Structures are given as structure tokens and as C-alpha cells.
Amino acid sequence: MSISKNNLILYVGILIFGIAAPFLFPAFKVQLSILCVLIVLATTWNIQGGEMGYNSFGNILFYGLGMYLCASVQVGMFFPLAEWTESGGEKTFVHTPAQFFQGMAVGLVVAAVVPTIVAGLIGYSILGLRGHYFAICTLGLGVAAGEISGGIEIIGAGQGFTTPPFPDVGSLDSRGEFFYFLSFFVLVLTFIAVRGIYSTRFKLILNAIRDNEDKAEAMGIETMKYKIVGWMISAFFCGLAGGIMGGLVGYIDSTDVAFDGREMGVFMVLMAILGGKGTLWGPIIGATVFHIFKEGFWTFFLGWQYVALGVLIVVIVIYFPEGIMGWLREKYPERFGEIVDEKDRKAQVELK
Amino acid sequence: MDFMVFQYPMISVQACLDGVLLGILFALIAYGMALQWGVMNIINIAQGDLVILGGYIAYFMYLYGIHPAWGVIVAPVVMYFVGIAIYKLVINKVVDRDLFISILATFGISILFMQLMNFAFGADVVLANSDYGTTMLFNNNVVLPNSKIFSAFISILFAICLVIYMKKSKLGRAIRATAQNARAAKILGVDTEKVYAATFGINAALCGVAGALISITFTIHPYMGLPYTIRSFMIVIVAGLGNLPGVAMSGMGLGVFEEFADYILGTEFRIGSVFLLLVLILVYRRFKLSRKREYLK
């Protein structure tokens, strides 16, 4: 992949801003980390939702799986897991800093790898479904995972799972900084990976699947293989994001935090659509706008947030299905490398 | 795991009867979903929330001292207008768009309804007590609340009325024509816009009846909508569109499955098993269909 000079300046600028952000806005460290996680989720949703045309409500499965796995590994490496969850909020075991970071590192690796394998295993069955059957099936998968994990004793069942608290390593700010840089690192990693993918033939194949799967198959593309790989890439980063989010929130509940199809599962779809699906920058812009809007609303209209969310979904879907990038594209087509024939456009307007 | 259900046959009988009576209710909701899916090609995620809203109407009548069974008459009337309002505000803008858009839009409606009901009625699990007593069968080994029998009876009554209405009335004929071919119906002078609105209203009214019955026989809660949507979706894909006996049979089958899952796996896995069953059915269907497509390869 080649990077033009303008883009390079943009990327370096964003990178510097990203590194400086926690020091510029020290009060918003947690919010910035959540923003990074949201961008990762929206961007990876876009891989199958936008590029491949498989609108999934089920990426929440990998997110929740990553969350539980990361926390369980972090605890289970040093202490008996069952006793930890049984003790609930009361801490009978304390992680030393070395244990915490070791556990987190191993936990994140597991949280990324296992969902990827799960996606690969179920991919063959699930990705054979088309259109709305796929959407409803993945919705069911996410809710089923939440309901079932809510009945398993060892990971806390209905009462939830407290993730290991951040160890005492000097200053009070270190927790926020640690999680911010961790999530920012994952964000950069995701961006590089996704940008890399989007500049290869792989993306074209995904687009071919979106536009007409049967024709793509007839052209000799093994669509199933590419669909599964695309889903596995999503699962990898969703699991990673989930693992970080678990540590950040500090408490995992099966249906309200981990497998929260009603919130996070819809958010990722909404953010990608708001920004414009099928573009590289769309989900990033969408997630940022959405997060700012959401936090503003959550703060000023507490209690009415879900009402606002429901209205927001309906409004975005009905009046704004192309998203911000789609709108920009219509307004400034030259900047997207499209050549507009003025005469032809006028003729079309007259026809309308 | 509890295998008592196999050691004591009476528990099996109890589960079967409960399941069948419950399944008739599911079939009524699924019939509404099949109707709008067939006519408008829309999958309504808010279906379950309409059911719960209907339930709250009956519950409110109960709170104000009116017997909740009257909710069976009031709820569909109110819900018909709620359905028309939803259609005018949202659905008519997504009707001829991509199916995913309609799924997402109705998902938004579902979240909105869920939260508004939570504000209006509180987050408690409620039940409208009908005082109908119980019926004992098989030497008092099987206990059937009369309210369940009543609800099954009313569901069947409404289903029969609707079938006759669809066969005989002018609007019913228009709805069937639109389901077959919306464009041709339009050419022949059917006001499809009106038909769509009426279909969505009838669907909401059916949900209202089912909800009122559920509030009498079981419990309602603002967040319990989604499982009803999933159940009705599952029944429709198993039975196929426009196959009423199939809808009734698969509804009862699902009811029996749920009761047994409840006994064997435990109540906490009940909803989970419903959702898992949906995934399994869809995957089974996918492999069955892919065998049909095999010759393409």
C-alpha cells in the first residue's frame, strides 16, 4: 500500500493527537478509551456489514466472549476462578502489579484468538444464510450467548463478574493512562490492518460478494472462504476490544455489559451506518460523532437515553441511510475521485 | 439437569398440555408476523413489544377494577390505532427499501417502546389476576389454570374470525391480492398504501389480543418483548408464509419444546434455549437449501 504525502501528514497528525490526548484532556481519559473501543467495533463491523453486505447483529458475541475470556484468564492464572466469582465484590485475592499485567497480556491474546477460532468454526454454517436470515440468526446468537452465560456459575452467573482491580503502581492517573494507551494501540493496529486489507484484492472480493454473491461464485471465487476469513478478522479485533472494555468497566454482567445486544450490538451497526458503511473513514467519523452525541445526551437527559437512542436509530435509518461519508460524497464528488458530467447531472435533475 | 420429567409421566403430560396451550398463543402472534411479512415484506422486530404493550393495556384495566378479560376486546382496538400510527410515521418510509433497513428501523421502535413502557409502568414483573381458578385432571396430578384454557380458546376464536375475514371481506381480498403481487394489485385499482396500513394495524391488533391473554395467563415485563419476536419469526420460517395449519402446529411444537426445556435445563436457560433453537433451525434450513443449490456448483 502506498501513502501519499497529504495522507502521511494526516496520519502523523492524528497519531500525535492520539498520544497527546490524555494529557490535553485528563478528565476524559475513560471516555477517550471507550471512544477508541467504539471505533474499533464500528470499523470491524464495517468489514462484513459494509464491505461484504452481511449485516451482522452478532459481532457482540465475539466482544462478550473476549471480555469474559480476558477476565477469566487474568484471574484464573493466579487464583481459583470459582472462589473469585463467588466472593463477588469482596476481595479475598489481590493481584500484584506483575501478576496483573502478565494476566492482562495473556488474557488479551486469548481474548483475540478464541473468538477468531469460534468465528471460523461457526462461520461455515452461519455465513451460508443470506440477507435477513443472517441478520436475525446473528441476533439470536448474541442473545443466546448472553442468556447462557448468565446461567454459568463459574463466571458469576446472574450476579456478574468483577474484573481484577488495577494494581497500585504509584500515581492515581496510571489506570486511565494504561487503558487509554492500550485501547489506542489496538485502534492503531486495527486501522493499519483494515487499511491494509482495503488496498488488496481481498476487499474487491468482499465487494463482489456484496454486490452479487452468485455472480462472484460463478466467476470462480470461493466466496465461502473469503466470507469466513472476513468474519474471523472482525472477530479478532472485537475480542480484543471486548477484553479491554472488560478491564475498563471493571464489572462484567452477562446481558448488560458483555453480550449487550440491545446497546453495544446496535451501537456498532448504527455507528457504521451513521458514518457511511463501505468506507474506511465512515465508521471512524460515525463512532466519534455518535459517542459525543451519546455522552451529551446521557449526561443531560439521564433516564431518557434509550428513548433518544430508539428515535435516533429510526431517524438515521430512514433519513440518513448513506451516512456522513455518503452525504459528503454526494456534495463533493470530485474529492472522492469521481468525475461528474454536469450536463448529465442537469438532465437527471430535470427528469426528476 | 433434572430428569424427573422422564421418571414421572404425569409431569410430561403437564408439560405437553402447558406447551400446547402456550403454543396456541405463540401461533397467534406468528400469524400476525406472517401476515405483514407476506404482504409488506417486512420483519418487525417490535412485534414482541407490541405484544407487551397489549398486555399492559389489560393490566391497566385490571388495576382500575375492570376484569382483565375485557382487555381482549379493548387491547386490539387500541393497538390497531397504535399500529396505524407506527405505519404512518415509520414503516411506510421503509416498506420498499432494503430488508435490513426495515429490521434496523423496527429495532429502533422496539428499543423506544421498551423504554417508554419502562417509564410508564415500571420495571416490575406484573400479572393481571383473572380469578378463573384451576382445573384438575388425571387424579389431580395435572393442574391446568382455567385462564390458560380461556386464552387458548380466545386465540383460536380470533384466528378463525380473521381467516373468515380474509376470505370473505373486500379488504381481506385486497390484502391477499397485494401479497401475491403488489404491482398488479395497484394496476387493478387496489390502494396498496391503505392495504399496508390496514395490514400493519391488524397485525398490531393481533399482538394486542395475544398480549392481553399473556398478561392474564403469564407475566409481562417491559423488556420481555424480543423473545416473542424471535419465537414468532421462528414459527413463521418453520411453517412458511401463508400456511395457517403449519403456523398452528409449529407454534404448539415450540410451546412444548419450551416447557420441556424449562423442566430439563432449568428456567434460567429457557430463553437461551429458544434463541439457540432459532440458530439451529436456520442452520438446518441453510444446509437443506444448499443441497438444492448443489447442482449450480
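**Exercise 1.** In this predicted model, determine how many helices and strands make up the secondary structure of chain B, and decide how compact the chain is for its length.

*Solution.* Counting the elements of chain B gives twelve helices and two strands, and reading from the N terminus their order is α-α-α-α-α-β-β-α-α-α-α-α-α-α. The next step is to compare the radius of gyration of chain B, 20 Å, with the 19 Å that the globule rule gives for 297 residues; the two values are close, so chain B is as compact as a globular protein of that length. Along the principal axes, its C-alpha atoms fill a box of roughly 65 × 60 × 40 Å, and 49% of the 297 residues count as buried.

**Exercise 2.** Describe the side of chain B that touches chain A, stating which helix gives the most residues to it.

*Solution.* Start with the contacts, in which 32 residues of chain B meet 32 residues of chain A. On the chain B side, α4, α5, α10 and α12 each supply at least two residues, and α5(B) gives the most, with 13.

**Exercise 3.** Classify the packing of helices α3 and α6 of chain A as roughly parallel or roughly antiparallel.

*Solution.* The axes of α3 (residues 59-76) and α6 (residues 131-149) of chain A lie 8 Å apart and form an angle of about 25°. Since angles under 35 degrees count as roughly parallel, α3(A) and α6(A) are therefore roughly parallel to each other. The contact involves Ile60(A), Leu61(A), Gly64(A) and Tyr68(A) from α3(A), together with Leu141(A), Gly142(A), Ala145(A), Gly146(A) and Ser149(A) from α6(A); five of these residues are nonpolar, four polar and none charged.

Notes. Residues numbered from 1 in each chain as written. Chains lettered and ligands numbered in written order. Predicted model: local features only at pLDDT ≥ 70, side-chain atom pairs only at ≥ 80, totals over all residues. Axes fitted to C-alpha atoms, helices over the stretch in contact; angles between N-to-C directions. Helix = DSSP H or I, 4+ residues; strand = E, 2+ residues; numbered from the N terminus. Parallel < 35°, antiparallel > 145°, perpendicular 65-115°, else oblique. Contact = placed C-beta atoms within 7 Å. Nonpolar A, V, L, I, M, F, W, Y, C, P; charged D, E, K, R; others polar. Rg over C-alpha atoms; globule rule 2.2 N^0.38 Å. Buried ≥ 20, exposed ≤ 12 C-beta atoms within 10 Å, placed from the backbone.
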